[in-house]
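The stops below go from the whole chain to single residues.

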Amino acid sequence: MRASGRCPKCDGRMATGFVVDQGYGTAHVSTWQAGEPKVSYWFGAKQIKEQQKPVATFRCERCGFLESYAN
Ligand SMILES: [Zn+2]
């Protein structure tokens, strides 16, 4: 993961963070999944754990721009 830098839009400071997936009483870090989504009515989008990466998201403190990395 890179250190937080400057916003490409306005040169503001980028703060480190992550996007939270809110569940029913739970919270998860958003995850990048390789490949096309295979969505099931019963189970939602199919997951292949070996092909997933947690998503780190930087947010510009000036304009709110979000920049995400899946390392
Ligand atoms: Zn900005």
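Buried here means under 20% relative accessible area, exposed means over 50%, and partly exposed lies in between, with a 1.4 Å probe and protein chains only. The model is predicted, so local features need pLDDT of at least 70 and side-chain atom pairs count only at pLDDT 80 or more, while totals for chains, interfaces and linings use all residues. Residues are numbered from 1 along each chain as its sequence is written, and side-chain values use heavy atoms, with hydrogens and water left out.

**Whole chain**

Switch to a cartoon. The chain has 0 helices and 8 strands, where helices (H or I, at least four residues) and strands (E, at least two) are DSSP runs numbered from the N terminus. The radius of gyration is 15 Å, well over the 11 Å that the globule rule gives for 71 residues, so the chain is more spread out than a compact globule. That radius is taken over C-alpha atoms, and the rule is 2.2 Å times the number of residues to the power 0.38. Along the principal axes, the C-alpha atoms fill a box of roughly 45 × 25 × 15 Å. Of the contacts between residues at least 6 apart in sequence, 45% join residues at least 24 apart; a contact means heavy atoms within 4.5 Å.

**Zinc site**

Select the zinc ion next. Which protein atoms are its donors? They are the SG atoms of Cys7, Cys10, Cys60 and Cys63, lying 2.3 to 2.4 Å from the ion. Donors are N, O and S atoms within 2.8 Å of the metal (3.2 Å for Na, K and Ca); water is not among the atoms, so sites may look incomplete. The spacing of the donor residues in sequence is C-x2-C-x49-C-x2-C.

Angles among the 4 donor atoms are 100 to 115°, and the site is tetrahedral. Four donors get that label if all angles lie between 85 and 135 degrees. For reference, the ideal angle for four tetrahedral donors is 109.5 degrees.

Now show the surface over the cysteines. Cys7 is buried at 4% relative accessibility, and Cys60 is buried at 0%. Cys10 is partly exposed at 22%, as is Cys63 at 43%. A search of the whole structure finds 0 disulfides, a disulfide being a pair of cysteine sulfur atoms within 2.5 Å.

**Before β1**

Select Asp11, in the segment before β1. Its phi is near 65°, a positive value in a residue other than glycine. Most residues other than glycine have a negative phi. Asp11 is partly exposed, with a relative accessible area of 45%.

Gly5 lies in the segment before β1 (14–17) and is partly exposed at 22%. Leaving aside neighbours within four places in sequence, Gly5 is in contact with Gly12, Arg13 and Met14. Draw a C-alpha to C-alpha distance from Gly5 to Ser30: the two are 25 residues apart in sequence and 21 Å apart in space.

**Strand β7**

Finish at Gln52, in strand β7 (residues 52–60). Is Gln52 buried or exposed? Gln52 is buried, with a relative accessible area of 16%. Beyond neighbours within four places in sequence, Gln52 is in contact with Thr31, Trp32, Gln33 and Gln47. The side chains of Gln52 and Gln47 make a polar contact (3.0 Å). A polar contact is a pair of N or O atoms within 3.5 Å; within protein, one must be able to donate a hydrogen and the other to accept it, and residues adjacent in sequence count only if both atoms are side-chain atoms.

Definitions and conventions
Four donors count as tetrahedral if all angles lie between 85 and 135 degrees; four count as square planar and six as octahedral if opposite donors are over 155 degrees apart and all others between 65 and 115; anything else is irregular.
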